[in-house]
Amino acid sequence: MEYTGSKYIGEYVDGRMEGKAKYILPTETIYVGEMKDGMFHGKGTLYFPSGSQYDAIWENGLAIKVWLNSPIWTHLEKSPRAITIVETASITQSRG
């Protein structure tokens, strides 16, 4: 993932990011949680550089259940566009 500016630390299955992982985006937003077929899938948390976090249950890269645990949310982090960008960044191509 280094060519995208992202860094992935975790397990692979058939060349795809799958299992428990840490995914660091170029924006320094960090995802810690489960991956499946190269996407956020299962329980996971996004940690933003501002200190806020976004806890969710993910399904195929989309948050389907969300807990907002931090009172410190910036305007950008609240926007659907920002969440869409983060979710889109979780989708990767096969290493093979």
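## Strands, core and contacts in a predicted model

In this predicted model, Y12 stands opposite M17 in β2. Residues are numbered from 1 along each chain as its sequence is written. Because the model is predicted, local features need pLDDT of at least 70, side-chain atom pairs count only at pLDDT 80 or more, totals for chains, interfaces and linings use all residues, and side-chain values use heavy atoms, with hydrogens and water left out.

**Strand pairing**

Strands are DSSP runs of E with at least two residues, and they are numbered from the N terminus. Two strands are said to pair if DSSP finds at least two bridges between them. Strand β1 (residues 7-13) runs antiparallel to β2, and 6 bridges join the two. Another facing residue is V13, which stands opposite R16 in β2. The hairpin of β1 and β2 has 2 residues between the strands.

Strand β2 also pairs with β3, in the antiparallel sense and over 6 bridges. Here G19 stands opposite M35 in β3. The hairpin of β2 and β3 has 5 residues between the strands, and E28 in this hairpin takes a positive phi near 75°.

**Positive phi in the loops**

Most residues other than glycine have a negative phi. D14 has a positive phi of about 50° although it is not a glycine. D14 lies in the loop between β1 and β2. For solvent contact, buried means under 20% relative accessible area, exposed over 50%, and partly exposed in between, with a 1.4 Å probe and protein chains only. D14 is exposed, with a relative accessible area of 75%.

N60 is likewise a residue other than glycine with a positive phi, near 50°. N60 is placed in the loop between β5 and β6 (62-68). With a relative accessible area of 45%, N60 is partly exposed.

**The salt bridge**

A salt bridge is a side-chain nitrogen of Lys or Arg within 4 Å of a carboxyl oxygen of Asp or Glu. By this rule the model has 1 salt bridge. R16 forms a salt bridge with D37, and the closest N and O atoms are 3.1 Å apart. The pair links distant parts of the chain, since R16 is in strand β2 and D37 is in the loop between β3 and β4, 21 residues apart. R16 counts as buried at 17% relative accessibility, whereas D37 is partly exposed at 39%.

**The nonpolar core and the aromatic rings**

A nonpolar core is a set of buried Ala, Val, Leu, Ile, Met, Phe, Trp, Tyr and Cys residues joined through side-chain atoms within 4.5 Å. The largest such core has 13 residues, of which Y23, Y31, M35, F40, L46 and W58 touch the most other members. Two or more residues of this core come from each of β2 (16-24), β3 (30-36), β4 (39-47) and β5 (53-59).

Rings of Phe, Tyr and Trp (its six-membered ring) pair if their centres lie within 6.5 Å; planes under 30 degrees apart count as stacked, over 60 as edge-to-face and the rest as tilted.

| Aromatic pair | Centre to centre | Between the planes | Type |
|---|---|---|---|
| Y31 and W58 | 6.0 Å | 85° | edge-to-face |
| Y54 and W58 | 5.8 Å | 55° | tilted |

The pair of Y31 in strand β3 and W58 in strand β5 links distant parts of the chain, 27 residues apart. Y31 and W58 are buried, and Y54 is buried as well. One aromatic cluster is formed by Y8, Y12, Y23, Y31, F40, Y54 and W58.

Terms used
Helix = DSSP H or I, 4+ residues; strand = E, 2+ residues; numbered from the N terminus.
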